[in-house]
Amino acid sequence: MTRSLASPLRALGSPTSRYIARRLVWMVFLLLVVSLVAFLIFYALPSGDPAAQRAGKGADEAQIERVRHMLYLDRPLYEQYFHYIKQVVLHFDFGFSYSNNADVADQLTSRLPATISLALGAAVIWLVVGVAIGILSALRPRSLFDRIAMGGALLGISAPVYWLALVVLALLSQSYGVIHLIPNTGSYKPLTQDPGAWFTSLLVPWIILSLSFAAIYARLMRANLLETLDQDFVRTAEAKGLSRRRVVMRHAVRAAITPIVTAFGLDLGILLGGAVLTESVFNIPGIGRLSYDAIQDSNLPVIQGTVLFAAFFIIIANILVDIVYAVIDPRVRLA
Amino acid sequence: MSAADEQSPARDAILEVRDLRKTFGSGGGVLGGNHEQVHAVNGVSFDVLRGETFGLVGESGCGKSTTARMICRLEEPTSGEIRFEGTDVAKMGRKQLLPFRRDVQMVFQDPYSSLNPRHTVGSIIGEPFIVHGVAKDAKERTKRVQDLMDLVGLNPEHYNRLPHEFSGGQRQRIGIARALALEPKLLIADEPVSALDVSIQAQILNLLRRLQRDLGLSLLFIAHDLSVVRYMCDRIAVMFAGEIVEMADSAQLFAAPQHEYTQRLLDAVPIPEPGARKRQREQQAEIDGVGVAAAEG
């Protein structure tokens, strides 16, 4: 596969663009594999008869058979799969939702902005907070700040999102909280419609979603930086007479931050595929909420669509991570 | 033993170390009990004279490197005094520390881990220029970096390469060029060749010797290998378990080692001459007949 691809790719110019092109080809291949696995899990394994579900309650045998024929469910599996892929690739058609007959592709794209808003906002918070706390803790290990920060991080990791979210809502929500401070669930408005409401409705979900990530990142950053600070080249930098700030930022942090980049790419990719728990608790109409509802109703085309979307984001995030890697670590060559 | 008393005051010391101590505490267990303390350096005193090569020798773990780091102020002494050109190093504030960093430079043991793998050779050698405000424009910096690379026998064309593209010996040359960038008065070489192949060691040692002579450096040379120290040094101090057990001129130390530990160290040096080992043992036995028997018994 690589060999046959190599020659047309060479025409693309710089090694970096060739690299990206090759990774994109791989992405297509991976998405095919993911779609096949998802397809097999949902259609080939006994999970209830899709045709009966689609036909609805009280449908008679003949109706179900008609639906079965309409949905290609009476064909062999490979033909069903081929049909599904053909529709996706040629027409960006993911089929129709079993529950409300809506176009799955439309549903996915219309719910994407909410998920992106939630994921990116939370990502900014946890990256800034987590990395900053990690650096400060590593610079003064065993100090009071470090102990409080790492204790807090342990709490942050241990508290599940849904529990924390429900507690916060019970205490602070506008209509049924102890103090009426934050908007109710389901108050999400798109950024383009009402930026103010968009921000206030997402603020608490951002903070709660970012908390456990910030805690993990702080611990990761602290551990890595402590290890790096003890390395010879940091001592070399210090012996050069560099300021503490320059030693830490230019030499130590730059080396210690690579695992953070890896984790960040993957975490963000996963969240873009839908922050299921946060979206469900706060009733944010994103991909996560969509997939949660779809799983509840065994809504197979929607589940398929969300799985493919999630896989797409994770793979893209991985490619981006590799490119960022090459930027922060010049030893890495993209080729 | 007091090293200071042996120095004649007429000789000009660039570095004076007096009763230097470093204690590492284990910090105790979870409940704070069981404090075990390690005396890594336990009352070390010596002088390094201007223009000489002073050797500090001893087995690994005897406190040599900790001593070196304390002299560079990369580590804080528990007690004792370090004077560089008459000024107490421990009492230097930020203002004095910067010129001190220029004057005292260190070549580290491991040429692999002591160079930042993400920086090009040019920036590794040239970074001190930026910090110390020497050679402010980039062009002049490149020129000086290339001169330094030439000085230590590296191809100046390679200043844009990363450390992993060089061999161990070349990396140590980078480390030396880096240390020399600010024209230091005192160079501390902490086991500069122990991580290198034997075939490369001699090249680096010769380079250091040449530079020391040509640039008029004072060199504090730290090693565990006696033959290396003998080749390099004018005077030698032997360290054992955090203390200096013997200090003498190089020739004198090798001709007539006084301390039992020095004798054992010398004994351990292989001699590349058939029969020499045996002759040496016989001589040794003659010199301190009873002592050896006691040590073995």
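Colleague: What share of the contacts in chain A with a separation of 6 or more comes from residues 24 or more positions apart?
Modeller: That share is 65%. Keep in mind that this is a predicted model.

Colleague: OK, and how many helices and strands does chain A have?
Modeller: Chain A has 15 helices and 0 strands. Its C-alpha trace spans about 85 × 65 × 35 Å along the principal axes, and 34% of its 335 residues count as buried.

Colleague: Switching to chain B: what's the strand order in the open sheet of 4 strands?
Modeller: The order is E2-E1-E4-E5 in chain B, with antiparallel pairing. Strands E2 (37-49) and E5 (87-88) of chain B are the edges, each pairing on one side only.

Colleague: How many bridges join E1 to E2 in chain B?
Modeller: There are 10 bridges between E1(B), residues 13-25, and E2(B). As one example of who faces whom, Thr23(B) is opposite His39(B) of E2(B).

Colleague: Which helix packs on that sheet?
Modeller: Helix H1 of chain B, residues 64-71, does, and it touches E1, E2 and E4 (79-84) of chain B. The direction of H1(B) makes about 120° with that of E1(B).

Colleague: New topic: what domains does chain B get?
Modeller: The domain assignment gives domain 1 (4-256) and domain 2 (257-297). In chain B, 9 residues of domain 1 are in contact with 8 residues of domain 2.

Colleague: What classes of residue are on the domain 1 side?
Modeller: On the side of domain 1 of chain B that touches domain 2, you get 7 nonpolar, 1 polar and 1 charged.

Methods
Residues numbered from 1 in each chain as written. Chains lettered and ligands numbered in written order. Predicted model: local features only at pLDDT ≥ 70, side-chain atom pairs only at ≥ 80, totals over all residues. Pairing = 2+ DSSP bridges. Helix = DSSP H or I, 4+ residues; strand = E, 2+ residues; numbered from the N terminus. Contact = placed C-beta atoms within 7 Å. Axes fitted to C-alpha atoms, helices over the stretch in contact; angles between N-to-C directions. Domains from an automatic or database assignment. Nonpolar A, V, L, I, M, F, W, Y, C, P; charged D, E, K, R; others polar. Buried ≥ 20, exposed ≤ 12 C-beta atoms within 10 Å, placed from the backbone.
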